[in-house]
Amino acid sequence: LHGNIAIDGPAGAGKSTAARLLAQKLGYLYIDSGAMYRALTWKALHQGIDLADERQLVALAEATTIRLENTAAGTVKVYCDNEEITAAIRQETVSHHVSTVARVPGVRRRLVELQRQMAASNRVVMDGRDIGTNVLPEAPYKFFLTASLEERARRRYQELIASGRPVDLETIKEEIRRRDAQDSQREVDPLQPAPDAVIIDTTNMKVEEVVAKLLELIQA
Ligand code: C5P
């Protein structure tokens with residue numbers, strides 16, 4: 001059992017929880033690439049940068065240090081220029097604007113470079129939108145997780161409620177629909193399965209079942 005594991009798919013398909021648990025089981029490093037796009041978006045919003053100004057966003061990406069720390073408890077702490085912003089990157093404003101930042105080619109170039117560096121010195125489970133197609137095209141294990149829009153919205157809703165945030169299910173569904181459309185239609189590295197990815201529909205699966213399935217496919 002050797003080699004990096006790429007897990008892609010749309011928002012709320014269960015990638016991050018499954019990827020995190022899988023990494024724990026295998027003793028690999030878990031890299032949440034979406035957290036990196038979120039961290040940069042958080043900083044851009046924080047600094048009041050015009051998100052339509054691609055040059056400024058690229059300059060920001062190049063001047064920003066983003067660090068992901070896997071904790072002993074199995075969670076991931078996110079640092080931007082040494083400030084911990086783990087909770088802040090899950091704010092609705094960040095979710096709303098992140099795909100606008102993520103479609104800028106120069107931003108992607110920079111974050112992809114960082115992602116490849118992280119994978120160069122560790123065995124990793126990396127989740128995102130373009131890991132199997134672009135970031136780690138040589139990864140021996142590639143998965144693409146999907147689920148119905150209804151189910152993905154329901155999962156995101158429960159996560160937000162559990163973290164004490166009042167939300168409305170229909171609003172979340174619209175937000176996910178909008179973000180998926182933006183991620184799928186962008187010109188660089190659009191969300192799509194790699195030709196050699198195994199596609200798994202998780203609509204009717206519990207996260208433990210997803211992890212068991214991934215392990216089974218990896219060990220096969
Ligand atoms: O995974 P998560 O939903 O936190 O990702 C947030 C956003 O970051 C996505 O909607 C997408 O716009 C962007 N992203 C990306 N490429 C990745 C990971 C995330 O464009 N590899």
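Q: How far apart are the mean positions of the positive and negative charges in the protein chain?
A: In this predicted model, the mean positions of the 29 positive and 31 negative charges of the protein chain lie 2 Å apart.

Q: And what about overall size, what does the C-alpha trace span along its principal axes?
A: The C-alpha trace of the protein chain spans about 50 × 40 × 35 Å along those axes. The radius of gyration is 16 Å, which agrees with the value near 17 Å that a compact globule of 220 residues would have.

Q: How much of the chain is buried?
A: Buried residues account for 50% of the 220 residues in the protein chain.

Q: Let's go to strand β6, is it enclosed or open to the outside?
A: Strand β6, which covers residues 124–128, is largely enclosed by the rest of the structure, because five of its five residues are buried. Val124, Met126 and Gly128 point one way from β6, while Val125 and Asp127 point the other way, and all of them are buried.

Q: Which strand pairs with β6 in the parallel sense?
A: Strand β1, residues 5–8, pairs with β6 in the parallel sense over four bridges, and within that pairing Asp8 stands opposite Gly128. Strand β2, residues 29–32, also runs parallel to β6 and is joined to it by four bridges, with Tyr30 standing opposite Val125.

Q: What does Met126 touch, leaving out residues up to four places away in sequence?
A: Met126 touches Ile5, Ala6, Ile7, Ile31, Gln115, Ala119, Ile131, Val135 and Leu136. Met126 itself is found in strand β6, and at 0% relative accessibility it counts as buried.

Q: How far is Met126 from Asp53?
A: The C-alpha atoms of Met126 and Asp53 are separated by 29 Å, and the two residues are 73 apart along the chain.

Q: Switching topic, what is the strand order in the open sheet of three strands?
A: The order is β3-β4-β5, and the pairing is antiparallel. Strands β3 (66–70) and β5 (83–84) stand at the edges with a single partner strand each, so one side of each has no neighbour in the sheet.

Q: How many bridges are there between β4 and β5?
A: Strand β4, residues 76–80, pairs with β5 over two bridges in the antiparallel sense, and Cys80 stands opposite Glu83 in β5.

Q: What sits in the loop between β4 and β5?
A: Asn82 is found in that loop, and although Asn82 is not a glycine, its phi is positive at about 70°. With 65% relative accessibility, Asn82 counts as exposed, since the cut-off for that class is over 50%.

Q: What is phi for Asp189?
A: Phi of Asp189 is near 45°, which is again a positive value in a residue other than glycine. Asp189 is found in the loop between α8 and β8 (198–201), and its relative accessible area of 23% makes it partly exposed.

Q: Back to helix α8 then, is Asp180 buried or exposed?
A: Asp180, which is found in helix α8 (residues 169–185), counts as buried, with a relative accessibility of 10%. Leaving aside neighbours within four places in sequence, Asp180 is in contact with Pro10, Ala11 and Arg152.

Q: And where is Thr100?
A: Thr100 lies in helix α4, residues 92–102. At 16% relative accessibility Thr100 counts as buried, because the cut-off for buried is under 20%.

Q: Which residues is Thr100 in contact with, neighbours within four places aside?
A: Thr100 is in contact with Leu51 and Gln182. As for Leu68, the C-alpha atoms of Thr100 and Leu68 are separated by 22 Å, with the two residues 32 apart along the chain.

How values were computed. Residues numbered from 1 in each chain as written. Predicted model: local features only at pLDDT ≥ 70, side-chain atom pairs only at ≥ 80, totals over all residues. Heavy atoms only, no water. Pairing = 2+ DSSP bridges. Rg over C-alpha atoms; globule rule 2.2 N^0.38 Å. Buried < 20%, exposed > 50% of the residue type's maximum accessible area, 1.4 Å probe, protein only. Lys, Arg positive; Asp, Glu negative; His and termini not counted. Charge placed at Lys NZ, Arg CZ, Asp CG, Glu CD. Contact = heavy atoms within 4.5 Å.
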